[in-house]
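This briefing covers a single protein model, with notes grouped by topic. Please read it alongside the sequence and the coordinates.

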Amino acid sequence: MEHIYIAMVDTPGVFAAVIRRFLRQKYIHVVLGMDAGLEEAYSFGRRNPRVPWFAGFEREDKRKILRAFPTAAYQVCELECSEEQKAGIRERLRQDYRRRYHYHYAVPGLPFIALGRPFYLKNQYTCSSYIARLLEEHKIRIADKHFSLVTPKDFYQYPCKRVVYEGSLAEFVAAGAAAGQQPISVLQGESVWSEESMERRLRRLYEPGASERVVAYGS
């Protein structure tokens, strides 16, 4: 049995506040990762975390996001899948990343989501609709609705997941830094954060005196 990882993100900002009010929940962005440490992770979002006007398909860089949003919070969950499913999902992600400038955030589709009307705009997705469609193509169905209407709330409420981390992004990054974790190449394809090593890092992060080890990051 293999695992893929869903990270749900809470970041500050006016646009995020609007989505948060619509969804009525804390987490308003969804990321799909191949490992528990999110060293290889992808999403539909800002091409530059500091610039909200340009969005599309990107490889997620949690350190860059932390520099832009020092107070960001993450919930990281694992989903079970077969080896074949994970290999297919990873290959599709890498293919789409190579063509990332052909993909765009589905801003025109936002009113349809609000109205509950399914839609499809070629090569345009929200963060949640892209992941929902990709997973559905590999027999993992997040919600009983058209992929275009899937929101971060559906991922948050998805019952077949296990939370492996919830807290600040700063602590999440610090846990990896304390263990000497370095970014890996997308071409390596192997997770360097196993379930066991992730749990060890989290235990170490929250044991007595851990707060003194947390790295302070600024914008």
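Is C81 buried or exposed? C81 counts as buried, because its relative accessibility is 2% and the cut-off for buried is under 20%. The model is predicted, so the values below are computed from a prediction.

**Cysteines**

- C77 has a relative accessibility of 0%, so C77 is buried.
- C81, at 2% relative accessibility, is buried too.
- The count of disulfides in the model is 0.
- A disulfide is a covalent bond that joins the sulfur atoms of two cysteines.

**Salt bridges**

- The model holds 14 salt bridges by the rule applied.
- One of them joins the side chains of K86 and E2, with an N to O distance of 3.9 Å. This pair links distant parts of the chain, since K86 sits in helix α3 (residues 83-98) and E2 in strand β1 (residues 2-10), 84 residues apart.
- The two partners of that bridge can be described by their accessibility. K86 has a relative accessible area of 8% and is therefore buried, while E2 reaches 30% and counts as partly exposed.
- E39 and K62 form another salt bridge through their side chains, at 2.6 Å from N to O. Here too the pair links distant parts of the chain: E39 belongs to the loop between β2 (29-33) and β3 (41-48), K62 to helix α2 (residues 62-68), and they are 23 residues apart.
- Both E39 and K62 are buried.
- The side chains of R90 and E40 also meet in a salt bridge, at 3.8 Å from N to O. R90 lies in helix α3 and E40 in the loop between β2 and β3, so this bridge ties together parts that are 50 residues apart in sequence.
- R90 is buried because its relative accessible area is 15%, and E40 is buried because its relative accessibility is 2%.

- How many of the residues of β2 are buried? The answer is 5 of its 5 residues, and the strand is described as mostly covered.
- In a regular strand, side chains alternate between the two faces of the sheet.
- Both faces of β2 are covered: one side carries H29, V31 and G33, the other V30 and L32, and all are buried.
- β2 pairs with β1 in the antiparallel sense over 5 bridges. In this pairing, G33 of β2 has Y5 standing opposite.
- β2 also runs antiparallel to β3, and 2 bridges join these strands. The bridge partner of L32 in β3 is Y42.

- The largest cavity contains about 30 Å³ of space.
- Which residues line the largest cavity? The lining consists of A132, E136, R141, I142, A143, K145, F147 and V150.
- By class, the lining of the largest cavity has 5 nonpolar residues, no polar ones and 3 charged ones.

Conventions
Residues are numbered from 1 along each chain as its sequence is written. This is a predicted model: local features need pLDDT of at least 70, side-chain atom pairs count only at pLDDT 80 or more; totals for chains, interfaces and linings use all residues. Side-chain values use heavy atoms; hydrogens and water are left out. On a 1 Å grid over the protein atoms alone, a cavity is a set of points where a 1.4 Å probe fits but cannot get out, and a pocket is an open set with protein on both sides within 12 Å along at least five of seven lines; lining residues have an atom within 4 Å of a point. Grid points are joined across faces, edges and corners, and a volume is the space filled by probe spheres set on the points. Ala, Val, Leu, Ile, Met, Phe, Trp, Tyr, Cys and Pro count as nonpolar, Asp, Glu, Lys and Arg as charged, and the others, Gly among them, as polar. A salt bridge is a side-chain nitrogen of Lys or Arg within 4 Å of a carboxyl oxygen of Asp or Glu. Helices (H or I, at least four residues) and strands (E, at least two) are DSSP runs, numbered from the N terminus. Buried means under 20% relative accessible area, exposed over 50%, partly exposed in between (1.4 Å probe, protein chains only). Two strands pair if DSSP finds at least two bridges between them. A disulfide is a pair of cysteine sulfur atoms within 2.5 Å.
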